[in-house]
Amino acid sequence: MKGLKYQLKSVLKDKFCLMTFLLPIVVAVALNFMGSIDLSSLGEHHFGVLENDLSPETITWLERYGSVTFYQARSELIAAIQEPSTNVIGVETDGASIKTTIAGDELDIFQQTAATLPALYEQREHFKQVEVQILERPDILESFQGIFIPAVLIVAMFMGCTFNAMNIISEKEDGVAFVNEILPMTPSQYILQKVVVGFLCGSLSSIVTAIICFRLSWQDVWVMLVLIVLSSFVAALIGLFIGKFSESLMVGVVYIKIVMLLFIAVPIVCALIGVSGPLTVICNLVPSQPAFEGIMALSGESMGTAMKDIGVLAIHCIAWFILYVLISTHQKKQTI
């Protein structure tokens with residue numbers, strides 16, 4: 001128990017671990033907040049015109065398709081068009097018609113609008129009889145939140161890996177690791193002492209993040225809790241491996257970044273490209289993949305897939321635990 005209290009004090013003193021603990025919660029709050037913001041104005045057309053250049057009728061016609069901004073000089077209009085952060089389409093008189101000017105770095109939709117606008121203006125009399133139906137704008141973030149939220153949960157589960165790795169590395173540098181080697185402590189007891197705090201902190205961060213991001217039924221809550229517990233335990237075990245094989249703090253940080261990138265990249269790529277067949281088995285070798293897939297399945301009310309991923313995570317827990325015990329036992333025999 002004293003060892004666990006010491007580990008807990010180390011968490012409170014380590015700013016890196018505290019940041020890892022709080023970051024997923026902050027991101028979860030931000031995602032919920034941004035989901036309530038109407039970002040549809042980002043896709044609105046913006047036209048720039050010179051004062052006293054276009055007729056009032058043409059200005060009224062342009063305002064049907066987007067906002068219109070007036071500029072006193074053509075140099076000001078060109079500067080607004082060339083501004084990389086905007087998608088302003090310049091509109092000027094061209095005889096009886098109009099012409100458009102763009103910078104060329106705009107999104108495709110704005111470039112297509114600039115190309116078709118003069119022809120549309122010439123045919124405006126024919127389109128007066130056409131009934132216009134305005135469709136509801138989709139939420140820009142809605143299609144991405146299904147991926148963002150599980151990714152944030154994966155980061156929260158990774159907290160235990162970060163803490164355990166940094167804790168073991170710091171003990172190596174302080175000489176505490178040599179004391180641990182001569183203590184009458186079995187590999188299982190050492191694993192329990194090192195895993196518990198990182199596992200609990202990772203689970204707590206994930207649970208708070210899940211509460212913020214999900215509205216689940218009581219049945220789904222228990223499945224989500226099992227996914228979080230198993231994923232956090234595996235992450236904590238992997239942190240032990242990183243700490244054991246890292247010779248210095250810088251090497252450990254590099255290993256942590258590589259593992260974290262692997263944890264996040266593999267499930268996101270699999271979700272985007274839709275892997276199947278033997279490639280699915282290979283991807284499931286990364287523990288974050290079944291965790292990510294299980295969370296996605298749970299949000300999509302696919303209980304069968306979620307239960308399958310729980311089984312895969314349970315196998316990961318057993319395999320990583322046995323592997324670490326075997327390596328630790330072998331190394332301890334060599335030192336005797």
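**Entry 1. Glycine 90**

I began with glycine 90 and listed its contacts, leaving aside neighbours within four places in sequence: Gly48, Leu77, Ile81, Lys99, Thr100 and Thr101. The model I am reading is a predicted one. I placed glycine 90 in strand β3. I then looked up its relative accessible area, which is 1%, so glycine 90 is buried. I also took the separation of its C-alpha atom from that of valine 68, 22 residues away along the chain, and found 9.7 Å.

**Entry 2. The sheet**

I next traced the sheet to which β3 belongs. I found an open sheet of four strands in the order β2-β1-β3-β4, with mixed pairing. I noted β2 and β4 (97-101) as the edge strands, each pairing on one side only. I recorded an average twist of 35° from one strand to the next.

I went through the pairings of β1. With β3 (residues 88-94), β1 runs parallel and is joined by three bridges. Within this pairing, I identified isoleucine 89 of β3 as the bridge partner of phenylalanine 47. With β2 (residues 66-71), β1 also pairs in the parallel sense, here over six bridges. I identified tyrosine 71 in β2 as the bridge partner of leucine 50. I followed the chain from β1 through α3 to β2 and noted that this β-α-β crossover is right-handed.

**Entry 3. Helices on the sheet**

I looked for helices that pack on these strands. Helix α4 (residues 74-82) touches β1, β2, β3 and β4, and its direction makes about 145° with that of β3. Helix α5 (residues 108-122) lies across β1, β3 and β4 and runs at about 170° to β4.

**Entry 4. Asparagine 52**

I checked the loop between β1 (45-50) and α3 (56-63), where asparagine 52 is found. I noted a positive phi of about 65° at asparagine 52, although this residue is not a glycine.

**Entry 5. Helix α11**

I then turned to helix α11 (residues 249-273) and tested its length. At 1.5 Å a residue, its 25 residues should span 36 Å, and I found the end C-alpha atoms 36 Å apart, which agrees. I listed the buried residues of α11 as Gly252, Ile256, Val259, Phe263, Val266, Pro267 and Cys270. Just after α11, I noted glycine 274, with a positive phi of about 70°.

**Entry 6. Glutamine 289**

I located glutamine 289 in helix α13 (residues 288-299). Its relative accessibility is 6%, so I counted glutamine 289 as buried. Leaving aside neighbours within four places in sequence, I found glutamine 289 in contact with Val266, Pro267, Cys270, Cys283 and Asn284.

**Entry 7. Cysteines**

I counted zero disulfides in the structure. Cysteine 270 has 8% relative accessibility and therefore counts as buried. I also looked up cysteine 161, which at 0% relative accessibility counts as buried.

Technical notes
Residues are numbered from 1 along each chain as its sequence is written. This is a predicted model: local features need pLDDT of at least 70, side-chain atom pairs count only at pLDDT 80 or more; totals for chains, interfaces and linings use all residues. Side-chain values use heavy atoms; hydrogens and water are left out. Helices (H or I, at least four residues) and strands (E, at least two) are DSSP runs, numbered from the N terminus. Two strands pair if DSSP finds at least two bridges between them. A crossover is right-handed if, with the strands pointing away from the viewer, the path from the first strand over the helix to the second runs clockwise. Axes are lines fitted to C-alpha atoms, for helices over the stretch in contact, and angles run from 0 to 180 degrees between N-to-C directions. Contact means heavy atoms within 4.5 Å. Buried means under 20% relative accessible area, exposed over 50%, partly exposed in between (1.4 Å probe, protein chains only). The expected span of a helix is 1.5 Å times one less than its number of residues. A disulfide is a pair of cysteine sulfur atoms within 2.5 Å.
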